[in-house]
Amino acid sequence: MNPRSVLFVCLGNICRSPVAEGVFRRALVQRVGSDAALWTIDSAGTSDYHAGEAPDQRSQASALRHGVDISTLASRPFRPEDFEKFDHILVMDSSNHVNVSRLTENPSHLAKVRLVLDVSFPGENKPVPDPYYGGEHGFEQVFQLLAQASEDWLDQWA
Ligand code: 4NP
């Protein structure tokens, strides 16, 4: 497996994309061990509403229940230079897709932007539902969807 770089993107970078970052990193370590250090894995928001903040407590608790500690992550906004820095820009929903895509006209940048669940549900345009205004169940569902997608992306990239 060649070293790669992946950026996960949602709106606030406090609920969904930090979980994606944490669960993908764990799945990668389980597959490739110390070679995981050769990868760049990060997450960002299309907004700066929560810049500098740790993940939402409910995301932290949900991930930790599954043994994934995301408490040290901090929200940051997506930056245009991310198009160059990352091989893959995996967004949570179509609104994230629109917000990221409008920041470039470069076809090679646009080709990097994919819905994170496309790998698990090809052609369905399935979003990772925003759990921010909902209950516990939404956070568990986010975790499960992203855990499966992590395995599916790694199957594709292995
Ligand atoms: P996220 O969830 O995009 O998964 O981090 C949200 C976090 C904050 C807000 C919306 C969604 N907000 O409106 O502040």
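A pocket here is an open set of grid points, on a 1 Å grid over the protein atoms alone, with protein on both sides within 12 Å along at least five of seven lines; its lining residues have an atom within 4 Å of a point. The model is predicted.

Start with the largest pocket. Its volume is about 170 Å³. The lining runs through Cys10, Leu11, Gly12, Asn13, Ile14, Cys15 and Arg16, then takes in Tyr49, His50, Asp130, Tyr132 and Tyr133. By class, that lining holds 7 nonpolar, 3 polar and 2 charged residues.

Now place the ligand. The largest pocket is where the ligand sits. Around the ligand are Cys10, Leu11, Gly12, Asn13, Ile14, Cys15, Arg16, His50, Asp130, Tyr132 and Tyr133. This shell divides into 6 nonpolar, 3 polar and 2 charged residues.

Next, look at the ligand's oxygen atoms. A polar side-chain atom of Arg16 is 2.8 Å from a ligand oxygen. The side chain of His50 also places an N or O atom 2.8 Å from an oxygen atom of the ligand. Cys15 contributes through its backbone: a polar atom there lies 2.9 Å from a ligand oxygen. On its own, the ligand has 350 Å² of accessible area, and the protein covers 91% of that.

Technical notes:
Residues are numbered from 1 along each chain as its sequence is written. This is a predicted model: local features need pLDDT of at least 70, side-chain atom pairs count only at pLDDT 80 or more; totals for chains, interfaces and linings use all residues. Side-chain values use heavy atoms; hydrogens and water are left out. A residue is near a molecule or strand if one of its heavy atoms lies within 4 Å of it. A polar contact is a pair of N or O atoms within 3.5 Å; within protein, one must be able to donate a hydrogen and the other to accept it, and residues adjacent in sequence count only if both atoms are side-chain atoms. Accessible areas come from the Shrake-Rupley method with a 1.4 Å probe; for residues, only the protein chains shown count as cover. On a 1 Å grid over the protein atoms alone, a cavity is a set of points where a 1.4 Å probe fits but cannot get out, and a pocket is an open set with protein on both sides within 12 Å along at least five of seven lines; lining residues have an atom within 4 Å of a point. A molecule sits in a cavity or pocket if more than half of its atoms lie within 2 Å of its grid points. Ala, Val, Leu, Ile, Met, Phe, Trp, Tyr, Cys and Pro count as nonpolar, Asp, Glu, Lys and Arg as charged, and the others, Gly among them, as polar. Grid points are joined across faces, edges and corners, and a volume is the space filled by probe spheres set on the points.
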